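Colleague: I'm new to this one. Can you put it up and walk me through a few spots?
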Amino acid sequence: MDIQLTLNGERLTWAVGPRERLLDVLRREGCFSVKHGCETGECGACAVLLDGQLAATCTLLAAQADGHALETVEALSRPGQPLHVIQQAYVDTGAIQCGYCTPAMVMATLALLRRNPDPSEAEARDALSGVLCRCTGYVKPVLAALRAARAMRGEALPPIDFGQGHEAPPGLFGGRPGGGAPSQADEPATPRGDGASTLLARVIPDLLIRAEGRKSVGQSEPKKDALKLVKGTPSFTADMEQRGLLHGKLLTSPHAHARIRHIDTRAAEALPGVHAVITYRNVPRVFYASGGQSYPNPQPWDQLSFDTKVRYVGDRVAAVAAETPEIAQRALALIEVDYEVLPAVFDPEAAMQPGAPMVHDEPDAIGILDARRNLVCHIDALVGDMAEGFAAADHLFAREYRVHQVQQTPIEPHVVTTWWDGDERLNVLTATQVPFHVRRMLAPLVGLPARRIRVIKPRIGGGFGVKQEMLIEDVCAHLTIATGRPVKLEYTREEEFRSSRSRHPQIIRYRAGVKNDGTLTALDMRVIGNTGAYGTHGLTVQTCTGLRGLSTYNCPSRRFDCDVVYTNLPAPGAYRGYGAPQAHFATESLMDEIAAELGLDNLELRRRNWVKIGDALPMGGQLGEGAGAIPTVLSSGLEQCVAQGMAAIGWHRKFDPAWRAAPGQPHKRRGLGVAICMHGTAIPGLDMGAASVKLNDDGSFNLLVGATDLGTGSDTVLSQIAAEVLGVPSEDVLIYSSDTDLTPFDTGAYASSTTYISGTAVKKACEEVRGQIFKVAAEILKLDSTEGLRLGGRQVWAPDGQSVSLERVALHATHVHNQHQIMASASYVSPECPPPFAAQFVEVEVDTETGVIEVKKIVMAVDCGVAVNPATASGQVEGGMLQALGYGLCEEMAYDDEGRLLTTRFGDYRIFAAHEMPEVQVILVETEEPSGPFGAKAVAEIPLDGAAAALANALYDATGVRVRQIPLTPERVWQALRAAEARRSPVEESEAA
């Protein structure tokens, strides 16, 4: 059928099918800014303006657009034209991270400003609420909308605050920003009780830390990819088209545990348009572990591309490649599978009991510790003598905490395209965080040497750890090998929930020995980690839980004991924070409980025990892939983080009884909560990054890195590091990343390693290039040596004031004398793992009648060393806190009794929208990490670590009720409040009698 419509001002006639979605037709016609994120219209990534109103195109038939006017972001700025004022505002404010949802947000902003040129913040948040974003926390997109409104009204634009930390007067804090051991004079005033306001009054609120003499590092420069992302230029895996493309689809198990007795694919294979059906019968049986980790992948190797047994609802059964997605879907329905349904087990404690169903009973899996007990592995570590530690204590505490399974929910689902190139090499275009790991892991599964595989990572629409996995690349590759044709395999949102990865649920049991003054003498941490149907990341995530749970605080005796257990739930994997959010929920809840029972100030208790500059981290020598040498804290701004966080949240109100009751609402109670966080930066002795730099004829530079930018801004940050060394603006650095054929090796985007590891490699390579430039410049300037030469302003400067341009240096080197290419490569593996620190504060209001927790404000003060780009660093913290709030309050993967996931759409799995977020404040407390490039250390993962505990502590502060299991849903809180009332009632009746 033909429809007529207006698209971006042009009258068009389209031939469309009666069942074609408007989303698919728009993309077919070249509007790649319109993205697939779901099929229910709930994420908003596909939104356009329909007759001036924001509309989701994934739920509209193309035929419904007949006679209407559509607008997409492509109309706002044609190639070569200046950006629209709204687009420019998104660039200037740093509102673009992964950029997948940016076009839809820009169009939502356009619709808002057309109807209301002077919106309030609340109105801007409401306008953006139809577009979900997992990266930004909505802080900067809202700022961009308001800034664009001011620009369109012709008003002056104020400077943008990216949260740079504030310096405090000497003597206020322990430790110095530059590192080094603190002196007695550095000891701070004690942050406790009614003395808090005195401490806070001494903080200078508006003095920004700046690194003197730096031109690029420390500046909030626009992201390298901002232009393409804000214009909706094809940049993501699904945007890249291949001639003759087939579409892949997966058939997955409806049962939590079953054996496949027989599978009949003949009807599916006979369906016109179907080119291949693959199952366990025609795919090699090669065991592997799907987690994207360094060689050799940690065991167990317990996965197959296709198996004769399924172990969770959503496990692979078969895959189809067909001419269209619709034909592929029909083919799946024609596959007949005869299942022998087996008993299933979902609770990890039950799974370890004698007689429990064996999740893995195959004899040829590799590296399972005890399959009969469903035990993947056991982890233990010991520092000191536990008996002595507990004997030295005046008080013993034993607590159990439970954390749940949550999904990363990147707005871009998993998507892969594979094809044979002209040299008959397998090309894999994939939304991955670990392209080099994918190539190495894929090779044995498809029977090709690595040299015949090329993996390319384009822009990624959010990763958060879920794409640190070789999840579907093998299936897509098998289909291309079977058909000889390009194949695209893209998850639906339901598949992303059911058949992707998630965060590990855990049971955490702590025993603590404490002296009367709050000094810790013993910490015993026992964890049962539920790794679901497969062991991917099970060992390493739980190891990190022990490391994070037993490293923040000094204690002479510490023990970690952990069982990692199979169940018939979807397998968890890597999720931003990687075991630390689970640990910090338990640890920081425990610290508050100890303080309350001993009558101590909760911040003073923490300060008495937290690690300081010069302290060793002995658990770091035993736990982790890079375990060995015991790391030492070389820099810490934790004291500054706490003081500034206290000021920002208004901590003094905690001691004001009048503030605690909401005026006119006696059923609502207010509270403040805190959590201290310490994370890591890369895996010492293991994570490696490499970089290659060359000088071009015009004085610009090409920078090649294997590092993977998944919206974090690492391409920008690495370019800034290069620009700083080479004395040019970062626009003169052309960066290319994440192509296993063309760029140097990098372990990938995980473990908070990119700025620290890859940044150091870039710095080393650029320093080598700088030395080569100096030699040529000295020759041009007729100098006897290179001593005293420096780079700046695209020039090489001599001590006597002479200068020569980099362009002339390049041309001289390649064309005039002793011709050679100025270039260098460098690699870096760090022996250190410098911890970033943070203080997380929240303000809540609790409705005691309904159990609803309303978060009024959330503050995080972070010591990430030197923030190479404060805009991207603060954006990482803002977005991380959005995910952390969801973890603590509302997100949860819920199952029925048969192991079927109930939360398979955004409408059921609640992530925060723009209008639901509280006030968010980020403070970057800059220190100088001596081992990092220009003093930098990690920032990306620590924002996930503390919010859940801070929320639980704020709930206790408001109501006196302690909840030791998350999420803190209204039902769970209401039940805890009623239980507390029931416990109090008999006591009150007895006293009355």
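Modeller: Helices (H or I, at least four residues) and strands (E, at least two) are DSSP runs, numbered from the N terminus.

Colleague: And where does the model come from?

Modeller: This is a predicted model, in which local features need pLDDT of at least 70 and side-chain atom pairs count only at pLDDT 80 or more, while totals for chains, interfaces and linings use all residues. Residues are numbered from 1 along each chain as its sequence is written, and side-chain values use heavy atoms, with hydrogens and water left out.

Colleague: Which residues make the contact?

Modeller: Helix 23 brings Ala884, Leu885, Tyr887, Gly888 and Leu889, and helix 24 brings Ala947, Ala948 and Leu951. Contact means heavy atoms within 4.5 Å. By type, 7 of these residues are nonpolar, 1 is polar and none is charged. Here Ala, Val, Leu, Ile, Met, Phe, Trp, Tyr, Cys and Pro count as nonpolar, Asp, Glu, Lys and Arg as charged, and the others, Gly among them, as polar.

Colleague: Switching topic: how many salt bridges are there?

Modeller: The structure holds 64. A salt bridge is a side-chain nitrogen of Lys or Arg within 4 Å of a carboxyl oxygen of Asp or Glu.

Colleague: Give me one. What does arginine 905 pair with?

Modeller: Glutamate 42, with the closest N and O atoms 2.6 Å apart. Arginine 905 sits in the loop between helix 23 and strand 32 (919-924), and glutamate 42 in the loop between helix 1 (22-28) and strand 3 (47-50), so the pair ties together parts that are 863 residues apart in sequence.

Colleague: Where do arginine 501 and glutamate 469 lie?

Modeller: Those two form a salt bridge at 3.0 Å between the closest N and O atoms. Arginine 501 is in the loop between helix 14 (493-498) and strand 18 (506-514), and glutamate 469 is in the loop between strand 16 (453-456) and helix 13 (473-483), 32 residues apart.

Colleague: Are arginine 501 and glutamate 469 buried or exposed?

Modeller: Both are buried. Buried means under 20% relative accessible area, exposed over 50%, and partly exposed in between (1.4 Å probe, protein chains only).

Colleague: And why is helix 17 called largely enclosed?

Modeller: Helix 17 (residues 602-609) has 7 of its 8 residues buried, so it is largely enclosed by the rest of the structure. The buried ones are Asn602, Leu603, Glu604, Leu605, Arg606, Arg607 and Asn609. Their cover includes strand 19 (520-530), helix 16 (580-598), helix 18 (638-649), strand 22 (665-678) and helix 24.

Colleague: Last one: what does histidine 667 touch?

Modeller: Histidine 667 lies in strand 22. Leaving aside neighbours within four places in sequence, histidine 667 is in contact with Val846, Asp847, Thr848 and Glu849. From histidine 667 to glutamate 849 is 182 residues in sequence and 6.4 Å in space, C-alpha to C-alpha. At 22% relative accessibility, histidine 667 counts as partly exposed.
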